[in-house]
Every structure is written in structure tokens, then in C-alpha cells.
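The following account leads the reader through a two-chain model, from the contact between the chains to selected residues within each. Please keep the sequence and the coordinates at hand while reading.

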Amino acid sequence: MIPITNFVYRQCSALSTRQFLIISRTYKSNLSYDKLFPKSQSLDVLSGPIQAPTSESSGKEKFNGFIPIDKLDVTHRHARGPGGQHVNKSLTGVEIRFHVESATWIPASIKPRFRDMNHTRINRDGYFIIFSDETRHSLLNQAHCLDRIRALIREASLVPKGLSDEERKTIEQRKKAASQERVIRKRIQSMHKQERKPSSTDLN
Amino acid sequence: MPIERGLQYLRQMQRVTLKNLPMPLEKTLKWQKAHPDETKIKAIMSRKGPISRNALPPYGIDPIQAEGRLPWILTVPKEPYYEGIEEARQYLPISLRTLQRLIDLRRINPEKPIDLPVLCNTKLFSIQPDQRQFGLQLIDEGADLFSTPINLEIQWVASELAIAAIERCGGVLTTRYFDPISLSALIDAKKFFERGEPIPRCDTPPINAVEYYTDPKQRGYLANPDSIREERQRLAQKYGYKLPDPSKFSSLFRLKKDPRQIFYGLEPGWLVNLKDQTILKPTDSKFQTFYHS
């Protein structure tokens, strides 16, 4: 005998018999998840192994893409621009701050370059500040801030390739050839100008 | 006596042969004379001219007066604005704002999984399966207001922001397909049980929906759970929130339906008797194999 009712809100901390029966009963068709995905590591969506990085890059050379959200200081502020009562009252602008020196999630090799490239965003106390009020949703603005932070870190991590020996040689050769041509042209022009002057030779 | 008369007919009537059988109309000479074949016409007509050279102009053009005139088929414009509307699926919108409001007003219990019958019992949505409506879709209005962890099962999600808003609060979202027969059972569950029909087995989605429901980015119910976990992590990093500790969820929160199952706790094939408070289950192997396939 299993009574069927609507899901009515009731404060129940312990599992009632009905809930226990619902959980314990497992119906498996031909399309059940263990048949559809036999090789999956965990059929539970909440818990299981993840390949994407779930912790900081731990001082390695490369930034692995993980930003620890606890270490960022996220504040909601008033957005700018038109919008009347909605923009005045709601705090949809998002500002993210973090102390650059104590940020262990930025690799040490990237940090000085990052600081130089974004010195306009870092204040006197050493806090990197970024603000976004592009959209109406604070969640989207937060995503926008984080996206920009990631882009700036990537820019800082890109080291310029530099010139190879061959490239340097060709550049030097070209410079020399150009300067030689310039000197020849200069000499010709000066000869033209000298011919215009009356010459000092005595014509008898 | 009717038998005597029948025998009399048999004595008098002719034998059944090919000549006596009724002939299709197209084989009678009368019809063939009125509808000559293209090859017959060409054999009779001249060997020159546009007809013999397969060079007739399109209908609506007189070759002598044709200057600047369109054939009939081009004089009428084509305006395919509603092309494919017979197959297009509709989903009624439910915003995160209404969800939060229903939870605050205690019309929905967030501790239990929220799926279509729970939302239809609030009587805020009238879903009509015969109007090509296939359920509810989640809208991202009120994404900043939403702040309860829930186990939500919806039929369609178009925006990533809505998924992020639910997972930020520590909830779970799955998109689930229901065919029209299952949908009519879910919309008004009590009415369905009073009809006295066994619980239907849910069909697989149509071909143009399979891509959506196997996509982990849309949290489809046929997607690989490993990919869904990766996508949850990716969204958490993108939008800047932390995923909750999996051990803190109750087992009721983790409930997930089988792809053929419609109701939590009830199997397809069962017949629910509300009056006597009993369930009748099929014992025949034929039915059991069907409802478990």
C-alpha cells in the first residue's frame, strides 16, 4: 500500500517511510544510466572525479586557469549610466579586488610583468581593482570581471619571441645598404649644388 | 430460402474469368482516348517546334507577348514566415523570480525534487499538449534574486545564466524530455490516475532534439555525467562561485529519474488506484519486458 500525494511543504528533518521507499526503489530500463554510460567514472552529477583544474597552479610556470573565488574581494556597487529607479536602487555593478603580492594563484614568473602591464589598475596599497557594469545582472558582470582578469593574465604570460641570429643579420645588412645608398644620393645632390656655384677655375 | 436463390444465380451466371473482372478506369479505351500519353502525342505531332524540342516556356507566358511578363508561378510571392510551425515545439516560460517567489510563499518545497507535476500543481501554468506545448522552460529573469538550493527538472533552458544562477546556490538542474502522452499524465496527475490508465513509458526525444538532450552544457538528461561535472566546474569558474560540498546533500536531493520513468517512485506499467489506495503491477512477462525496455 503506497499512498500517492502531491509534494506538500512540510518541515521534516528525518526521512519518512514514503521518502525512504521512493529512494530505495530503483527502476532500471534499457536506457538506464549504467547501460548508456558503462565506462563513466561516476554516474553521480554532484560527486566524482573532474579533469578540469580544481586548485591553484601551485607556483608552476604556467597559469592553469583556476582562480580561487574565496581569495577575491567581490563587492556590489551602483552601476553607472541611464536607467532611472532601477539603476539607482539596484547594485548590479561588480567590483573585484585582490592583493597582487599575496596572490599565490598567479605564478611568480608572470607576476612582475602583470604588475607592469596593469600598473594603472593597481592602487598604492597593492590591490588590483576591476569594475564592470556592462549588463543588468550582477552575475553576468561578475563573469565579465573574471573574464577580463583571465585575459590580462594571459597577456602577461605571453613572452615576445625575440629575433633569431639570421633575422638580426638580415636587418643589419639592410640597414647598411640603406645608409650607403643614402650617402651616395647625398653626394650626388651636393655635386649638383656645387655645379650651380660659379667655379674658381680661371677661364682664359 | 436465400440459399436456393444463391444456387440459382450460380447456375445462371457466367464463370469468373479475367474478362469478367472489373477493370481499372485507366485501362478502358474510353479513358485512354480522353487522356493521351506524352509519347503518343509526340508521335502524332510535328518533329519541330518547342514541344518536340522540350523547350516550352513556363506556364503563364505567351511566347509572342512575353516581353517583361513573369510566369504564373513567379507572380505570386513566397513568404515562408511560418514554415515548420507544425513541428515546432513550444515551452511555457517560468522565471527564476517566480520560482523564488513560490518557494518563499511555501507553495513549493525546496527540500524535495521539483519537477513538472510539482509546478503544475501550483496551477500557475496551463500546458496544452495538443497545442504543441512540451513543458516548461527556464528564463533567466531574477537570476540575482535566486538563493535556494533546489533539484530542478525542466524541459528546456536557453540561457547559461539561468543554469549558473541555480548551481551557484548549490542546486542541480536537469533538462528532461516528455512526449505528449507522458506530458498529459504529468500535467494533472490526479486526473490521469482517475482515468485508470497504466503509467506510460516515456519516449526518446525526436531527432532534432537529441542533440540538445545529450548536451552537457544544457544539462541534458541523456548527457554523460562526467561531462556534466566538468561543465559545472567550468561554469563555477566562469561566473565566480564555489560548488557546494557533495556530502552535504540529502539523498532526496540526489534523486534522478530513469530516462523511461515519468514519476518519482513509480514505474511505467503500474496502474494506480486512488480510491482503494493500491497499485496494480503487471505480472505478464510480455508487459514486463515492454515496460523495462
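A residue is called buried when its relative accessible area is under 20%, exposed when that value is over 50%, and partly exposed in between (1.4 Å probe, protein chains only). The model is predicted, so that local features need pLDDT of at least 70 and side-chain atom pairs count only at pLDDT 80 or more, while totals for chains, interfaces and linings use all residues. Residues are numbered from 1 along each chain as its sequence is written, chains are lettered from A and ligands numbered from 1 in the order in which they are written, and side-chain values use heavy atoms, with hydrogens and water left out.

The accessibility classes can be applied at once to a salt bridge in chain A, a salt bridge being a side-chain nitrogen of Lys or Arg within 4 Å of a carboxyl oxygen of Asp or Glu. A:Glu101 and A:Arg115 are joined in this way, with an N to O distance of 2.8 Å. This pair links distant parts of the chain, 14 residues apart: A:Glu101 belongs to the loop between strand S2 (93-99) and helix H4 (111-117) of chain A, and A:Arg115 to helix H4 of chain A. Helices (H or I, at least four residues) and strands (E, at least two) are DSSP runs, numbered from the N terminus. Because its relative accessibility is 48%, A:Glu101 counts as partly exposed; A:Arg115, at 31%, is also partly exposed. A further salt bridge of chain A connects A:Asp34 with A:Lys28 at 3.6 Å, N to O. A:Asp34 has a relative accessible area of 33% and is partly exposed, and A:Lys28 is partly exposed with 44%. Over all chains, the structure holds 19 salt bridges.

The interface between the chains comes next. Its size can be expressed through buried area, which is the accessible area (1.4 Å probe) that two parts lose on being put together, summed over both. Chain B and chain A bury about 5,100 Å² between them, and 61% of this lies on carbon and sulfur atoms. On the chain B side, B:Lys112, B:Arg229 and B:Gln237 lose the most area to chain A, together 14% of what that side buries. In terms of contact (heavy atoms within 4.5 Å), chain B contributes 61 residues and chain A contributes 55 residues.

Which residues form a salt bridge across this interface? The rule finds two such bridges between chain B and chain A. In one of them, A:Asp44 and B:Arg254 meet with 2.3 Å from N to O. The pair crosses between chains, from A:Asp44 in the loop between helix H2 (33-36) and strand S1 (73-77) of chain A to B:Arg254 in the loop between H11 and strand S6 (271-273) of chain B. A:Asp44 is partly exposed at 21% relative accessible area, and B:Arg254 counts as partly exposed at 31%.

Between chain B and chain A, 19 residue pairs are in polar contact (both at pLDDT 80 or more). Helix H7 (160-168), helix H11 (225-239) and strand S7 (278-280) of chain B are the elements that give two or more residues to the side of chain B that touches chain A. H11(B) gives the most, with ten residues.

Within chain B, B:Glu160, B:Glu231, B:Arg234 and B:Lys238 are linked in a network of salt bridges. B:Ser159 sits in the loop between strand S4 (156-157) and H7 of chain B. Its relative accessibility of 18% is why B:Ser159 counts as buried. The side chain of B:Ser159 makes a polar contact with that of B:Asp140 at 3.2 Å.

A polar atom of the B:Ser184 side chain lies 2.7 Å from the backbone oxygen of B:Ile181. Leaving aside neighbours within four places in sequence, B:Ser184 is in contact with B:Pro129 and B:Arg195.

How values were computed. Polar contact = N/O pair within 3.5 Å; in protein donor to acceptor, adjacent residues only side chain to side chain.
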